[in-house]
Amino acid sequence: MNTSNFVTVRTAVLVLAIFAVLTIVLESINARIAGKPSVESAVGLTVEQADKNIKVLNGMPESQLIPTMKFITVSLGVACTYCHVMKDGQMDTAADDKETKRIARGMMKMVMQANTTTFHGEPQISCYTCHRGQAIPQGAPSFPVALKLMPPPGAPPPQSPSPTPPLPTADEVLNNYTNAIGGRTAIEKIKSAVIRGTVANASGSTGTFEADQIAPGKGYDTITTQRGTRIRVLNQQRGWEKTAFGVNELAGQQLQDVKLSLALFGNLNLKDQFTKFEVVGNDKIANHDAYVVKATRPDQKRERLYFDSESGLLLRRVTEMNSKVGIIPEETDFDDYREVESVKLPTTIRLSAIDTQNPTSTRKIDKIELNTPIENFKFEKPQE
């Protein structure tokens, strides 16, 4: 390879790496968001309406910006400052001082164009496709390369695999789950829940949480750790989040995701949450054999649900968010089911997200009270 070609290739690689620089420190982003106008529509603001100097991600919901930046960071294995500059101790996300950021924009355009023209608009490739956690992706295989050799002449043919038993239907799996957690009658008796416990994050912070819910559409979730307190409120079709940076209104996908993170809305009535179900195969979750159900929500967000093939209980939910730079997954595992007033609920819940700073967060539930009175003031918009 001559020098000019090498420089060209290296520049292209840097472009992908810069893409990761777009990752913004979560605290900085929250501080920036705190001063944004209220969201009044169901979709919410787009990134160009809420942020400065947006040139590529135009039209993307503002609620997807933080997950997208984290996804890029993980994909390239870099920090925010790889592309962004620090000025006076603060992240200046709008500044274009670094070459890596300018190259990243070109790489984003390349990914978006490839998905549009080659994959009919489906986000099949992303920065992770090439980078796999490295700032500079490997463009050629490493030696020695293992070869898959053909069997020698006269060797016995490979044995045919044992026949696979037929998969159950989606209705059978979902009905088994409903019966496993207590049955439709017991589920419908639950009108409210107060849940308390502890939380431990991969970042090292620990603390307590409380989740209060009134069916069908009110939720109050607060977490307190050494880093402060975060409160999320859901009140029918509106929601808010309060942190040390202020109160931000939730809308669109953020609102739906918060609703599904609450036990009464998230797992008790699975059939009501999706427009389409399909059993697509088997898998192994820890020591459990599981049926895998692919489901589509009304907002077209896809999920994979994993049900224990013996007990029928839900073991895992994987959500997939389509973004302009690829599919961003989030995984929630459920364990330690216990019976509370004839209904089985998981008491260990682990969330795994695309986040280099805090990839996992585990909640251990100590107390569950069903159908107890909850003060309505908790579901009002928090004070600034």
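Is Cys-80 buried or exposed? In this predicted model, Cys-80 is buried, with a relative accessible area of 6%. A disulfide is a covalent bond between the sulfur atoms of two cysteines. The count of disulfides here is zero. For Cys-80, the closest cysteine sulfur belongs to Cys-83 and lies 9.5 Å away, which is too far for a bond. Cys-127 is likewise in no disulfide, with 9.2 Å between its sulfur and the nearest one, in Cys-130. Cys-127 also counts as buried, at 0% relative accessibility.

With that in mind, the whole protein can be considered. Its secondary structure comes to ten helices and 15 strands, and 45% of its 384 residues count as buried. Among contacts between residues at least 6 apart in sequence, 53% join residues at least 24 apart. The accessible surface is about 20,600 Å², and carbon and sulfur atoms account for 53% of that area.

Helix H5 spans residues 99-117. From first C-alpha to last, the 19 residues of H5 reach 27 Å, close to the 27 Å expected at 1.5 Å a residue. An α-helix has 3.6 residues a turn, so residues three or four places apart point the same way. The buried residues of H5 include Thr-100, Ile-103, Ala-104, Met-107, Met-108, Val-111 and Met-112.

Thr-222 sits in strand S5, which covers residues 218-225. Thr-222 is buried, with a relative accessible area of 11%. Leaving aside residues up to four places away in sequence, Thr-222 touches Thr-208, Phe-209, Glu-210, Thr-229, Arg-230 and Ile-231.

Note on methods
Residues are numbered from 1 along each chain as its sequence is written. This is a predicted model: local features need pLDDT of at least 70, side-chain atom pairs count only at pLDDT 80 or more; totals for chains, interfaces and linings use all residues. Side-chain values use heavy atoms; hydrogens and water are left out. Helices (H or I, at least four residues) and strands (E, at least two) are DSSP runs, numbered from the N terminus. The expected span of a helix is 1.5 Å times one less than its number of residues. Buried means under 20% relative accessible area, exposed over 50%, partly exposed in between (1.4 Å probe, protein chains only). Contact means heavy atoms within 4.5 Å. Accessible areas come from the Shrake-Rupley method with a 1.4 Å probe; for residues, only the protein chains shown count as cover. A disulfide is a pair of cysteine sulfur atoms within 2.5 Å.
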